Amino acid sequence: MNARLRWRKFVSNFMLTMTGVCALVSVAVLFFILGCLVYQGGTSINWDFFTKLPVPVGETGGGMANAIVGTGELLLLATLFGVPIGFFGAIYLAEFSGSTTAFVVRYAADLLNGVPSIVIGIFAYAVAVAPFKHFSTYAGGFALGMMMIPITLRSTEEFLLAVPRTLREGAMALGASKWKTIATVIVPAAYRGILTAVLLAVARVAGETAPLLFTAFGNTYWSRGLKDATASLPAVIYSYALSPYEDWHRQAWAAGLVLLVLVLVINIVARGILSRGISVPRS
Amino acid sequence: MATTTTPVPDASPISGSRTFLSRLTDGDEIARAITFVFAASVVLITVLLVLSLWQGSVLARHKFGFSFFVTQVWDPNAGIFGALPFIYGTLVTAIVSLLIAVPLGIGAAIFLAELAPARVSDTLEFFIDLLAAVPSVIYGVLGIFLIVPLMRSYIEPALKKTLGFLPLFQGPAYGIGFLTAGIVLAVMIIPYIISVSREVLLSVPRDQREAALSLGSTRWESTWKVVVPFARTGIMGSIFLALARALGETMAVTMVIGNTPKISASLLASGYSIAAAIANEFNEASSPLHSQALIELGLVLFLLTFILNGLARLLILATSQRGSGMGNA
C-alpha cells in the first residue's frame, strides 16, 4: 500500500515536472529564434542597410531601404482600408444592429479570419491585379487590409460592449443623441482597447508574405508610386533566403531580424497600452 | 428595498414619439446607415471571396470533376492536373506537426493552468503570445538554414539507423521533406494549442479539482483524470484550430518541403503542399487551365480550413459554457 502511494506520488511529481519542461521548451523557442537572428543577422545591420538599395550579387554593401519603405506603405494602405471597415462595422454591431444581422456579420468576419493567407492572395489578385494587368502596392495593401478587418472588427466590438451601461445612460439622460453618445462617450471610453486591437492587427499582417506574392510582387528598385509593384521585407527575406548566394543569405537574416523586432515591438506596445488599464472602471 | 414594484416607464413610447425625421436630424439614422454600410461590406467581401474562388475555378472543375482529387499527376505542360500529391503532402505534414505539437502544447498548457502561480503563468503566456506573432517567413529562414542541415546530418541518419526498417524512414536523407516541414509547422502551431487549451483548462470549475484531491488523488491524478477530461472538448477545439492553421500555412512549408509533386510513403522524401503549390506556380501559370486548377486548390484549402475552424469554435464554446454552467451551480 505504502509502496503504491509512493509510486503514485512519484508519477505525480514526474508528470508535473514534465509539463513544466514542455512550457519551458515552448517559451525557450522564442528566445532561441531571437538569439539566432541577432547572431546571424546582427552584424549585417548598419546604416546602409536602412538607407541604400539592394546591390547586385557580388558587390558588397547595399541595403533594403526600398523594402523597408515598401512594408511601411503596404501597412499604411492596409490600415487605411481595413481599420475603417473593422471600426465602423464594430460600432454598428455593438450599438445599432439587431441580433440576426450581427450574427451574419460576425460569422462572415470569423470566416474571413480563418481564410489561409495564400487564398486571400488569390482573391486580391483576381480583384486588384488582374483587372489592371499589373502588380501594385495598392493590391498588396488591399490583401493585407482584408486580413486586418476581422481582427479589428471583433476586438473593437468586444471593447465597445465592455463600456459600462451607466456611461451610455448618463449621456442619453443629458439629452445626447445616440451617435453623439457613441462619438463623445463610448468610443473615447474604449479607445485604449481599440488602439490595441488595431496595433495587433498591424503586427499580424506585417510579416505576411503569401498574400504579397501575387499582389505587391516585389521590386529591386524604388517603387515608382503606389500603382507600381513594390518590395517588402517579408517578400525580400523569402527570395533572398532561397537564393544560392552567401551575401544574400546574410541580408535575409538581417531583414528577418528587423522584421521580427518590428513585429515584437508593436505587439509589446499594444499589450502595454491595454495593461495600463482600460480607461473606464468596470462596474 | 422597495416592497412594491413600481412600473418602470417603458422606453418605447418615448422613442416612438421621436419620428423618423427627428432621428434623421439628430444624426442617428445617418450614423446607423453609415456604420451599416461598413458592416455589410464585411459580409460582401467574404461572399465575393467565395464567389471568386468558385467562378475562378469553373474551367478546371468542369474539366476534371471529382478525378481532380484522385489523380496523382500534376503536369502543366501536358495539361493534366491532379491534386492528390498536394492534398497528401498537406495532410501528412499536418499530421506530423500535430503528433509533435499536441503533447508538448497540452503539457505546457497544463503547467500554465494548473501549476504555475498566476504571475508566472501570465508572464509565460505573454511570451507564448509573442511566439504566435513570429512571422511565418522567419520560421522558413530558420528552417532552411538551421533545421534542414541538422536533419540532413544528424537526425535523419539516426532515424534511418534505428527505425529504418519502417517504410516511413527510408530513402536518402536530404534534410528537406515531409518530416522537416512537419517539425517546422509543429513549432508554429504550439502557441495556438497552448493559449486556447490554457483558457479552456482555466475555465474548469475549482470544485472539480478540490473534489478529486479530497478523495485522495495526487495532484497529477486530479489533473489528468478529472480536469483534462472535463476540458476534453475544448482541448480538441484547440487542436482543430491548430490543424486549420497548419493546413493553410504557406511560406515556412514552401521553404522546407522540397516542392516535388510526388506521393511517397517515406517522411524523409520531399513532397508538396497545397499552399506551397499555389505560392510557387500561381504567378507563372502557363495556361488558363493551370491557373484555374491552382484556384481550385485554393478552394479546397478554403473549404478544409472553413470546416475545421467551424468545428473548433463549436467545441471551444461547448466547453466554456459547460465550465461556467457548472461553476454557477
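The model is predicted, so local features need pLDDT of at least 70 and side-chain atom pairs count only at pLDDT 80 or more, while totals for chains, interfaces and linings use all residues. Residues are numbered from 1 along each chain as its sequence is written, and chains are lettered from A in the order in which they are written.

**Where the chains meet**
- Chain B brings 68 residues into contact with 70 residues of chain A (contact: C-beta atoms, placed from the backbone, within 7 Å).
- Helix 3 of chain B (residues 28–56) supplies the largest share of chain B's side, 17 residues (helices are DSSP runs of H or I, at least four residues).

**The nonpolar core**
- In the largest nonpolar core, which has 203 residues, Ile237(A) and Ile193(B) touch the most other members (a core joins buried Ala, Val, Leu, Ile, Met, Phe, Trp, Tyr and Cys residues through C-beta atoms within 7 Å).
- Leaving out residues up to four places away in sequence, Ile237(A) touches Ala252(A), Ala255(A), Gly256(A), Leu259(A), Val137(B) and Val141(B).

**Two positive phi values**
- Most residues other than glycine have a negative phi.
- Phe217(A) has a positive phi near 65° and sits in the loop between helix 9 (210–213) and helix 10 (233–242) of chain A.
- Phe217(A) counts as buried because it has 21 C-beta neighbours inside 10 Å (buried: 20 or more other C-beta atoms within 10 Å; exposed: 12 or fewer; partly exposed: in between).
- Asn259(B) has a positive phi of about 55°, and Asn259(B) is partly exposed, with 19 other C-beta atoms within 10 Å.

Technical notes: Contact = placed C-beta atoms within 7 Å.
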